[in-house]
Structures are given as structure tokens and as C-alpha cells.
Amino acid sequence: MGKIYGYARVSTKNQRLDRQIKNIEDYCKDKKIERIYQEKYTGTKMGRPQFQKLLSVICPGDTIIFDSVSRMSRSADEGYNLYMQLLQEGIDLVFIKEPHINTSYYKEMQSKKTQIASTGKKSTDKLIDAIMEAITEFQNEETKEKIRIAFKQAEKEVQDLHVRISEGIKTTQRLNETLPEEQRKQIGQRKGATFETKKAKMMKERIQKMAKDFDGSMKDKEVIEILGISRNTYYKYKKELLLSNIK
């Protein structure tokens, strides 16, 4: 029995992986998942460090579970080629949202052969065998085409999204040109501005209340232990708080 791995990916650092991870865990139910590799990555290429780590540890008989085909690759050619490569290596692939292209389905279709009773006539049976072989080949090619279409659709969805974003920005820019400066909308993040998550904001508030360098009486080590965050993260937040107080 091979090992089961999961792979979850989002395109930007601010997106969450929770939904994909839950879907993978729910799909497996009582089966043991060796590890769910997680990645926050922007782009459509295969050069993702966590994904490469996963590919380096899998062995024939192992299974990789994806929430959808777009999590494996959003580039049609790369995705299809990798699918076929892993299939040949004996790796099972599961796509929760596109079960019709799971490797188990592909293998099942490959093994299907319609049986017709022999007629007893050598020439007739030879003709029937040739026809059935052609039908089987057609079924295999049709299955491969379904896999190609799934990866092409994932790639198209990304391209369409980029087009919609670009069109939205252009529309806002045109609208801004017709408005007084004080009524114009901000496009993108302001220069020099930084994004702060709710968790970071909450941690900073707690550090400010607890640490003796601010409103509290605790040492840095004590605050780190209570909050359960890394030293690097703690001192990063502390530095930002000190700089904001100076301003």
C-alpha cells in the first residue's frame, strides 16, 4: 500500500489554504495522509519549491491528492505532460473536483476491451479484432483528450482572470481622469504602504500591553512563550511598534 500525500496551493501570500486542506482531509476520511504540502506561490510555472519536494519523495504506488486540477498546474502543456509522466511512473493522481481525470479512471478506460464472441471464421474474427482494437485506441485517445481539456480549462481561467483585472484597472483609470483629484480611487497599494494582517495587528496589540518596553512588565522571552510566536516574528513586530511610536 503506497503513501498518500496532499498538495494545496494558492496564488498569493494573502490567500488562505484552509478550504483546500479541509477538502483533502475530508476526501481521505479514515485514510492516513503522510503529509499535505502547502504552497503560496504566484505564477503558472512548475518551479514551486514545496511541489518539487513532493515530487522528490513520491514512489510508485503512492497517491497525490489535489483539490482541483488547477492546483497541480495552470499551464496546460506542463500539466498534461507531468500527468502522463507520473502515470507512467506508477503514481496515482486524484483531483477532488475533476474525478473524471483521476488516474484510476484513466487506467480503467485503458483496460476496457469490448469482448465479442468468436464466429469461428478466421477471416471474420481477424476483422472483428482489428475493429475492436481501433475502438479501444479511440477510447484511450478520447480519455487523454479529456485530461488535456481539463488542464486547458484551468489555464484559460487564469488568463481570463488576468484580462478581467486588467480591464477593471483600465476602466478605473479612465473614470479617474474625469473626476477631481480628491474623488479619484486608489489603484493598487499606495507607495510605501504595507499590508498588515488581522493576526499581526492582534499580536502587536498584545506585545504592547505585555512587554516592559511598552505598557507591560514582562521580558521579551516571557512574551514570546506566552504568545507562542517565533523570536524573529516577535522582534519584527517589536521593531515596527518602536518605529511607529517614534513617528
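Among contacts in the chain (heavy atoms within 4.5 Å) between residues at least 6 apart in sequence, 62% join residues at least 24 apart. The model is a predicted one, in which local features need pLDDT of at least 70 and side-chain atom pairs count only at pLDDT 80 or more, whereas totals for chains, interfaces and linings use all residues. Residues are numbered from 1 along each chain as its sequence is written, and side-chain values use heavy atoms, with hydrogens and water left out.

**Overall make-up**

The chain holds 9 helices and 4 strands, where helices (H or I, at least four residues) and strands (E, at least two) are DSSP runs numbered from the N terminus. Read from the N terminus, the order of these elements is β-α-β-α-β-α-α-β-α-α-α-α-α. Of the 247 residues in the chain, 33% are buried; buried stands for under 20% relative accessible area, exposed for over 50%, and partly exposed for what lies in between, with a 1.4 Å probe and protein chains only.

In general, strands of a sheet pair through backbone hydrogen bonds, either parallel or antiparallel. Here 4 strands form an open sheet in the order 2-1-3-4, with parallel pairing, and two strands are taken to pair if DSSP finds at least two bridges between them. Strand 2 (35-40) and strand 4 (92-95) are the edge strands, each of which pairs on one side only. On average, neighbouring strands of this sheet are turned by 20° against each other, direction ignored; axes are lines fitted to C-alpha atoms, for helices over the stretch in contact, and angles run from 0 to 180 degrees between N-to-C directions.

Strand 1 (residues 4-10) pairs with strand 3 (residues 63-66) in the parallel sense over 4 bridges, and in this pairing Tyr5 stands opposite Ile64 in strand 3. Strand 1 is also joined by 6 bridges to strand 2, again running parallel, with Tyr37 in strand 2 as the bridge partner of Tyr7. Because 7 of the 7 residues of strand 1 are buried, this strand is largely enclosed by the rest of the structure. Ile4, Gly6, Ala8 and Val10 point one way from strand 1, while Tyr5, Tyr7 and Arg9 point the other way, and all are buried. Helix 2 (residues 49-57) lies across strand 1, strand 2 and strand 3, and runs at about 150° to strand 2.

**Individual positions**

The relative accessible areas of several residues are set out below.

| Residue | Relative accessible area | Class |
|---|---|---|
| Thr63 | 15% | buried |
| Ile36 | 14% | buried |
| Cys28 | 4% | buried |
| Cys59 | 40% | partly exposed |
| Lys29 | 71% | exposed |

Not counting residues up to four places away in sequence, Ile36 touches Gly6, Tyr7, Ala8, Ile21, Ile24 and Glu25. Thr63 is found in strand 3 and, leaving aside its neighbours within four places in sequence, is in contact with Lys3, Ile4, Tyr5, Asp92 and Val94.

Lys29 has its place in the loop between helix 1 (18-28) and strand 2, and its phi is near 55°, a positive value in a residue other than glycine. As for the cysteines, the structure holds 0 disulfides, a disulfide being a pair of cysteine sulfur atoms within 2.5 Å.

**Helix 4**

Helix 4 (residues 76-88) has 13 residues and reaches 18 Å from its first C-alpha to its last, close to the 18 Å expected at 1.5 Å a residue; the expected span is 1.5 Å times one less than the number of residues. Its buried residues are Ala76, Gly79, Tyr80, Leu82, Tyr83, Met84, Leu86 and Leu87. Helix 4 is followed by Gly90, whose phi is positive, near 85°.
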